[in-house]
Each structure stands twice: as structure tokens, then as C-alpha cells.
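Dear colleague,

Please find the structure below, together with its sequence. My notes on it follow directly after.

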Amino acid sequence: MRTTSLRPRLAAVGLTAALALTLGACGGSDDEALSSADRDKASAAALKYVGGGAVTDAERGDGDDKYAYQVEVTLPNGTDIDVELDDS
């Protein structure tokens, strides 16, 4: 009969839950959510700028950022980049 200790697994689950609660309490990002129209506009501008790829995330910057929108794009070669856009 083989016995296995659950202690390491339970510790890992507890640590993961504690980290998730801590990050949630910190509020994560200060960036504002985008409307679907703003997301579409920012995504199109970012894809035009980099010449194609897939948008993986888009968000509005907050007052501390030097950009109005930040769009994360995965290029066809697999490279991930952040495109920072102004209001125009």
C-alpha cells in the first residue's frame, strides 16, 4: 500500500489562495476598463501600427500613465509587445 502526504499539496493550495486574496485586496491595476467601441478603435490602431497580429488585451491608462491606451499584441512570430497610444 502506497501512502502519500497531502501536506505539500495543501500548503501549495493555501499559498495560492493567499496570493490571490492579496492581489485582489491590492486592487490590481489602476487602469480603467474600455468600452467595446474604444477597445475596437485602440486594437485597430495598434494592429495597423505593428502590421498585424492578435490583440490579447487592451486597457485605458490612468492619469499617471503617459499613454491613453495600452494594447498588448502577439505578433505572428509569437513575440508579445505593448503598444502605447495617445488619445488621437
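**Contacts of Leu 85**

Leu 85 touches Ala 42, Ala 45, Ala 46, Tyr 67, Ala 68, Tyr 69 and Val 71, leaving aside residues up to four places away in sequence; a contact means heavy atoms within 4.5 Å. Please note that this is a predicted model, in which local features need pLDDT of at least 70 and side-chain atom pairs count only at pLDDT 80 or more, while totals for chains, interfaces and linings use all residues. Residues are numbered from 1 along each chain as its sequence is written, and side-chain values use heavy atoms, with hydrogens and water left out.

**Overall arrangement**

The protein chain has 2 helices and 3 strands, in the order α-α-β-β-β from the N terminus. Helices (H or I, at least four residues) and strands (E, at least two) are DSSP runs, numbered from the N terminus. Of the 88 residues, 22% count as buried; buried means under 20% relative accessible area, exposed over 50%, and partly exposed in between (1.4 Å probe, protein chains only).

**The hairpin**

Strand E2 (residues 69-74) and strand E3 (residues 80-85) run antiparallel and are joined by 6 bridges; two strands pair if DSSP finds at least two bridges between them. Val 73 has Ile 81 in E3 as its bridge partner. The two strands form a hairpin with 5 residues between them, and Gly 78 in the turn has a positive phi of about 95°.

**The nonpolar core**

The largest nonpolar core has 11 residues, namely Leu 34, Ala 42, Ala 46, Ala 58, Ala 68, Tyr 69, Val 71, Val 73, Leu 75, Val 83 and Leu 85. Helix H2 (36-50), E2 and E3 are the elements that give two or more residues to this core, and E2 gives the most, with 3 residues. Such a core is a set of buried Ala, Val, Leu, Ile, Met, Phe, Trp, Tyr and Cys residues joined through side-chain atoms within 4.5 Å.

**Two further positions**

Val 55 is found in strand E1 and counts as partly exposed, at 24% relative accessibility. Val 55 touches Arg 39, Ser 43, Leu 47, Val 71, Glu 72 and Val 73, again not counting residues up to four places away in sequence. The C-alpha atoms of Val 55 and Val 73 are 4.4 Å apart, although 18 residues separate the two in sequence.

Gly 61 lies in the loop between strand E1 (54-60) and E2. Gly 61 is buried, with a relative accessible area of 10%.

Yours sincerely
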